[in-house]
Amino acid sequence: MADTSDSATRAARDLRVVFSRLRRRLREVAQDTDLSPSQESALTLVGKHGAATASALAATEGVRPQSMATTLAALEQQGLIRRAPDPADGRRQLVTLTEAGRARVEDNRQARSEWLARAFQERYTEEERQAVLRVLELMDRLSEP
């Protein structure tokens with residue numbers, strides 16, 4: 001990284017640290033005590049992407065298929081997901097959310113959004129919130145190809 005400025009290196013490091021802390025805090029806000037972090041993550045993933053195979057979910061989460069199978073079995077036992085044959089390939093099963101699973105994902109999303117909005121309202125002045133919005137516009141460039 002000889003051609004990278006000190007400020008760019010520091011910004012990258014500090015951003016990762018802040019995002020990691022914020023991600024952990026958001027998980028804590030909506031975390032259900034009856035779900036493990038891997039179960040919560042898988043449930044959110046199915047809610048976000050819709051019907052998927054267990055192997056696709058495992059690949060997305062970066063876990064072994066056996067681990068994902070265990071996670072999905074626990075979610076199915078709690079009535080949060082269902083498995084059904086894939087219409088395109090009857091040998092595979094697609095995982096989808098049940099109504100209870102959809103409600104859980106939406107409740108968690110709502111809790112996170114409400115906490116974040118309250119935190120911005122309580123911890124920042126209007127001027128600081130406007131500064132955050134300007135920075136977010138700049139940060140959005142990082143997600144561009």
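Reader: Of the contacts between residues at least 6 apart in sequence, how many join residues at least 24 apart?
Author: That's 49% of them, with contact meaning heavy atoms within 4.5 Å. Bear in mind that this is a predicted model, where local features need pLDDT of at least 70, side-chain atom pairs count only at pLDDT 80 or more, and totals for chains, interfaces and linings use all residues. Residues are numbered from 1 along each chain as its sequence is written, and side-chain values use heavy atoms, leaving out hydrogens and water.

Reader: OK, what elements are in the chain?
Author: Six helices and two strands. From the N terminus on, they run α-α-α-α-β-β-α-α. Helices (H or I, at least four residues) and strands (E, at least two) are DSSP runs, numbered from the N terminus.

Reader: And what about the radius of gyration?
Author: The chain has 19 Å, while a compact globule of 145 residues would be near 15 Å. The radius is taken over C-alpha atoms, and the globule rule is 2.2 Å times the number of residues to the power 0.38. The C-alpha trace spans about 55 × 40 × 25 Å along its principal axes.

Reader: Switching topic: at what angle do α2 and α4 cross?
Author: Roughly 80°, with the axes of α2 (residues 37-49) and α4 (residues 65-77) coming within 9 Å. Axes here are lines fitted to C-alpha atoms, for helices over the stretch in contact, and angles run from 0 to 180 degrees between N-to-C directions. That makes α2 roughly perpendicular to α4, a label for angles of 65 to 115 degrees.

Reader: Which residues make the contact?
Author: Ser38, Gln39, Ala42 and Leu43 on α2, and Met68, Thr71, Ala74 and Leu75 on α4.

Reader: Now Thr98, is that buried or exposed?
Author: Thr98 is buried, at 10% relative accessible area; buried means under 20%, exposed over 50%, and partly exposed in between (1.4 Å probe, protein chains only). Thr98 sits in the loop between β2 (89-97) and α5 (99-123). Leaving aside neighbours within four places in sequence, Thr98 is in contact with Gly79, Leu80, Ile81 and Arg82.

Reader: How many aromatic pairs are there?
Author: One. Phe120 and Tyr124 form a tilted pair, 5.4 Å centre to centre with 35° between the planes. Rings of Phe, Tyr and Trp (its six-membered ring) pair if their centres lie within 6.5 Å; planes under 30 degrees apart count as stacked, over 60 as edge-to-face and the rest as tilted.

Reader: How accessible is Phe120?
Author: Phe120 is partly exposed at 28%, and Tyr124 is partly exposed at 37%.

How values were computed
Angles under 35 degrees count as roughly parallel, over 145 as roughly antiparallel, 65 to 115 as roughly perpendicular and the rest as oblique.
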